[in-house]
Amino acid sequence: MPREKTHYRNVNENPCNMCMPMGGILPFKGIEDAMVIIHGSQGCSTYMRRHIAEHFNEPIDVGSSSLNEKGTIYGGAQNLFQALNNIRRVYKPRLIGILTSCLAETIGDDVGGIARDYLKQQGLDEFPLVAVATPGYGGTHSEGYWMAVYKIVAGLARPTAKHGGINIIVPNLSPADIREIKRILEMMGVRYTLLPDISETLDRPIARPYTKIPPGGTGLEDIRCMPGAAATIQFGLTVEESLSPGHYLQSEFGVPLYNLPVPMGVEATDLLVSRLLEITGGSLPRALELERGRLLDCMVDSHKYNAQGRGAVFGDPELVYAMARTCAENGLHPAVVATGSGNSGLKRLMEPVLAECPEDVLFLDQADFMSIRTACRDAGVNIAIGHSDGKFLTEKEGIPLVRMGFPIHDHVGGQRLLSIGYTGTAMFLDRVTNTLLDNKHKNYRAAMYRKFYWGFKERGHTC
Amino acid sequence: MAISEKMLDEILNKYPAKVKRNRKKHILVKDLGQDQQEIEANTRTIPGVITNRGCAFAGCKGVVLGPLKDMVHIVHGPIGCAYYSWLTRRNKAKTDDPKKNFLAYCVSTDMQESDIVFGGEKKLARMIDEVVEVFKPNAITISATCPVGLIGDDIQGVARAARDKHGLNITAYNCEGYKGVSQSAGHHIANNNLMEHIIGQGDLEEPPGRYTINILGEYNIGGDSWEVERVLSEIGYEIQVVMTGNGSYEKLKNAHVAQLNLVQCHRSINYIADMLETRYGTPWLKVNFIGIRGISESLRNMARYFGDEALIQRTEEVIERELAEIEPQLEPYRKICAGKTAFCFVGGSRGHHYQGLYEELGITTVLAGYEFAHRDDYEGREVLPHVKTDADSKNIPDLHVTPDERRYRLKIPVERMDELKKEIPLSNYNGMIEEMMEGSIVVDDLNHYETEEFIRILKPDIFSSGIKDKYIPQKMGIPTKQLHNYDYSGPYAGFRGAVNFARDVAMGFATPTWNFIEPPWKSKPLLEGTIEPCSTNKCAEEVGA
């Protein structure tokens with residue numbers, strides 16, 4: 001039976017994405033003293049906590065309104081009120097995010113309204129309660145992520161006097177990546193508000209005493225003041241305008257927006273550095289120049305190996321764009337580019353990158369791993385780059401996987417993967433190159449044997 | 001260290017008054033002075049406490065159905081729940097025909113907004129056609145997630161139609177997440193449907209072996225079931241089906257031929273055990289394959305049930321041989337573990353079972369509990385007549401089965417059955433509390449806040465639970481052992497499993513890592529040396545150089 005190639009799918013076989021509230025949790029984990037509740041049956045929050053904990057190796061406290069059959073008939077407001085009371089009492093958060101689930105949305109609970117009623121009932125005029133509609137069927141975790149960041153900004157930002165700092169809005173990157181962005185900003189002497197900042201909260205050092213809410217995260221006051229910034233730099237080229245916090249700050253408060261690619265690879269990092277120099281009027285720190293030089297040195301060393309790679313790149317749209325560009329820069333031309341999201345921006349952005357690839361590239365959106373696997377087989381892919389579920393490609397097709405993005409649930413250290421900036425890019429490329437080399441060392445005898453004794457022609461340079 | 005009423009109050013005082021009253025009923029301190037200690041369980045979770053409980057879907061698709069390897073388990077709903085229940089329990093399986101093992105596949109209708117508005121039945125029906133075409137499974141299950149029940153998709157109807165169309169056993173499970181109070185509701189839903197539509201559908205009439213058994217409530221996490229099966233086969237048992245670890249539709253449909261059903265996880269599968277007894281006259285025996293005493297006793301009880309001298313003797317031989325193999329291996333680990341204390345909080349049976357194994361290593365369990373168990377799992381089945389059914393449990397109706405006219409057979413005479421019941425846990429489970437020590441704490445539905453507080457007070461040496469809560473104690477500097485998925489280790493069941501467990505736990509205590517948490521500059525001076533009078537100019541010269 002031919003599979004439907006339209007937006008309307010029947011089977012999703014081994015998904016390449018998760019649901020909206022999953023993505024919505026992450027930004028709240030990057031806000032100082034924040035807690036988050038999923039309004040729905042408790043399974044949602046339990047399942048998502050489990051998966052996020054496995055990626056970051058951190059405790060992930062997410063509340064639930066634990067809706068049951070009664071709530072589906074009479075509405076869930078009472079449960080949500082109770083959940084808010086209990087969370088406030090035990091965790092003493094300074095901000096609470098409320099995400100909805102399939103259940104809350106299908107029964108038509110208006111969480112925005114419930115949140116307002118709650119604040120009124122409790123006499124809490126100033127308490128930031130950020131409600132985000134994230135039905136599981138409304139999009140993937142990528143959209144959920146951006147929707148939550150958008151609502152946090154829209155909920156907190158207030159007209160503020162100009163303060164000259166810069167807003168940095170980041171997609172779902174690793175805590176190590178966030179730390180790297182902060183390091184670059186500090187090196188360049190930039191005053192900034194980075195949102196959401198999971199660098200400390202989701203990669204927490206062992207430190208006593210243990211606190212219920214991890215220290216760190218973007219300060220609430222800093223978010224409130226984002227409208228007073230000199231500019232916003234957002235790494236969100238694939239984000240639709242309606243979900244883009246940068247666009248919101250621009251249209252509501254006139255903060256100029258520089259919507260940039262994730263600073264991964266030479267070109268994209270150069271772009272960030274030039275914009276920062278432009279905005280701040282400063283000069284390039286010597287240390288950063290050296291890092292750029294080292295990255296170039298790494299790329300010169302590695303290009304001969306990487307050019308033998310035919311890559312499949314998959315995951316969140318923003319990261320897919322960054323990874324595909326970075327690989328292409330070093331001559332590892334992607335053969336398959338895929339995302340589970342229905343993001344239309346990615347395809348448009350990818351076109352010029354794909355046009356430069358010497359061979360045809362298969363682009364898949366709303367992809368599942370069955371379609372990615374078929375594409376990899378057709379394209380003779382010999383290296384996969386993306387999150388852990390790509391291990392299916394290794395198991396079934398023998399294609400080695402470089403783990404990258406979210407979630408990484410079968411390896412440790414997802415939170416420590418550094419892949420951006422000049423230094424991070426070099427580390428990313430090394431991981432890719434070494435995976436190709438390992439695979440080559442592992443297989444070359446067999447490949448030679450097949451080639452010379454049996455006359456098989458290898459595809460995609462596996463030997 | 002024992003906990004006092006005052007300390008308990010201190011923990012609970014942080015809650016609003018109503019929550020405090022509620023939670024207090026879920027916590028008890030074992031008191032031998034009391035005849036029967038009552039605990040509240042299987043009631044609604046309090047919203048906003050960070051519970052470890054999941055939902056009905058997790059219990060049905062995730063736990064009971066998921067491990068059945070030759071079936072494709074379709075998740076009808078938006079993508080999240082299918083993703084989150086994809087290979088997350090480490091239930092292993094192997095098949096003779098590699099094309100009949102579908103565990104690595106996550107198959108979902110991936111409902112979009114339009115499906116929620118216009119209904120997803122047609123999509124589901126088309127999808128079943130595709131699944132039959134692509135996978136050629138032996139059977140198919142369809143599990144519903146929250147919105148399906150709310151929008152009124154008739155998945156039972158779709159399954160019926162597909163059954164007729166494809167001539168395949170296709171069953172549907174209305175296990176929407178909001179049903180019941182935890183995953184326990186989902187176990188019940190799965191039990192009912194498996195009993196109604198699959199068990200007994202096979203045409204086997206006679207047991208394939210002399211001592212044919214089923215193992216119920218064993219999910220083959222980390223290969224547990226394989227280790228247990230190794231020993232059982234050596235004694236001479238024929239295992240018809242394991243429910244559901246490494247289980248298959250092909251075996252399950254003939255589950256009725258067994259002469260005895262073993263129940264490992266009472267909570268998730270006691271419904272089927274009871275129904276098998278009513279319909280086919282097959283009694284069930286509560287077993288515990290975790291720990292040396294647990295498995296030895298279980299094996300002896302099985303042999304007594306069959307009452308065959310040769311079997312009894314063979315059982316003793318195997319136990320003796322296994323013990324001779326493992327005892328020397330356990331010794332070094334016991335030295336490391338002796339005198340330590342543990343928390344043991346798991347889902348519905350392991351919170352109890354692992355206490356025995358801990359004890360054998362010299363570790364005392366000071367706090368234990370279940371996420372989603374019922375009162376009978378704590379207090380024993382004798383409380384069943386006194387458990388009040390509330391609205392939530394009524395929502396999951398019991399399936400009433402009657403004796404199968406053709407296949408019902410008394411496996412042993414009634415008098416002997418009555419006699420045996422006095423000696424072995426035949427069709428009975430005495431629960432966790434009975435085996436716990438005076439002063440130890442039992443907590444139902446332990447949440448993150450209480451976890452932290454109990455750790456502060458009791459300072460256990462090891463915390464054994466799951467991935468969601470293990471990072472809290474780890475951050476506090478306390479070793480943990482995941483008892484849901486064994487931190488990618490295992491098997492832990494059976495004789496050899498006990499050694500694996502001992503090794504892993506001892507490794508947790510012995511890793512040098514813990515020694516480095518306190519930095520040297522906090523406990524000792526950074527520079528060590530003595531100050532000598534500087535008689536010559538040497539010091540100055542050195543500094544100057």
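Predicted model: local features only at pLDDT ≥ 70, side-chain atom pairs only at ≥ 80, totals over all residues.
Two residues are in contact if their C-beta atoms, placed from the backbone, lie within 7 Å.

Figure 1. Among contacts in chain A between residues at least 6 apart in sequence, 72% link residues at least 24 apart. The chain holds 17 helices and 14 strands. Its radius of gyration is 23 Å, close to the 23 Å that the globule rule gives for 463 residues, so chain A is as compact as a globular protein of that length. Along the principal axes, the C-alpha atoms fill a box of roughly 80 × 60 × 45 Å. Of the 463 residues, 59% count as buried.

**Figure 2. Domains of chain A**. The centres of domain 1 and domain 2 of chain A, taken over C-alpha atoms, are 23 Å apart.

**Figure 3. Where domain 1 of chain A touches domain 2 of chain A**. Each domain gives 27 residues to this contact. On the domain 1 side, α1 (20-28), β2 (34-39) and α7 (141-156) of chain A each supply at least two residues. Helix α7(A) has the largest share of that side, with ten residues. What is the make-up of the domain 1 side by class? It has 19 nonpolar, two polar and six charged residues.

**Figure 4. The side of chain A that touches chain B**. Chain A brings 58 residues to the contact, and chain B brings 62 residues. Which elements of chain A give two or more residues to this side? They are β1 (12-13), α2 (42-56), β3 (63-64), α3 (69-74), α4 (77-91) and α5 (102-106). By class, the chain A side divides into 22 nonpolar, 26 polar and ten charged residues.

**Figure 5. Strand pairing between chain A and chain B**. Here β1(A) meets strand β3 (residues 107-108) of chain B. Two bridges join these strands. Do they run parallel or antiparallel? The strands run antiparallel. Which residue of β3(B) stands opposite A:N12? That residue is B:S108. Strand β1(A) is also among the elements that give two or more residues to the side of chain A that touches chain B.

How values were computed: Residues numbered from 1 in each chain as written. Chains lettered and ligands numbered in written order. Helix = DSSP H or I, 4+ residues; strand = E, 2+ residues; numbered from the N terminus. Nonpolar A, V, L, I, M, F, W, Y, C, P; charged D, E, K, R; others polar. Pairing = 2+ DSSP bridges. Domains from an automatic or database assignment. Rg over C-alpha atoms; globule rule 2.2 N^0.38 Å. Buried ≥ 20, exposed ≤ 12 C-beta atoms within 10 Å, placed from the backbone.
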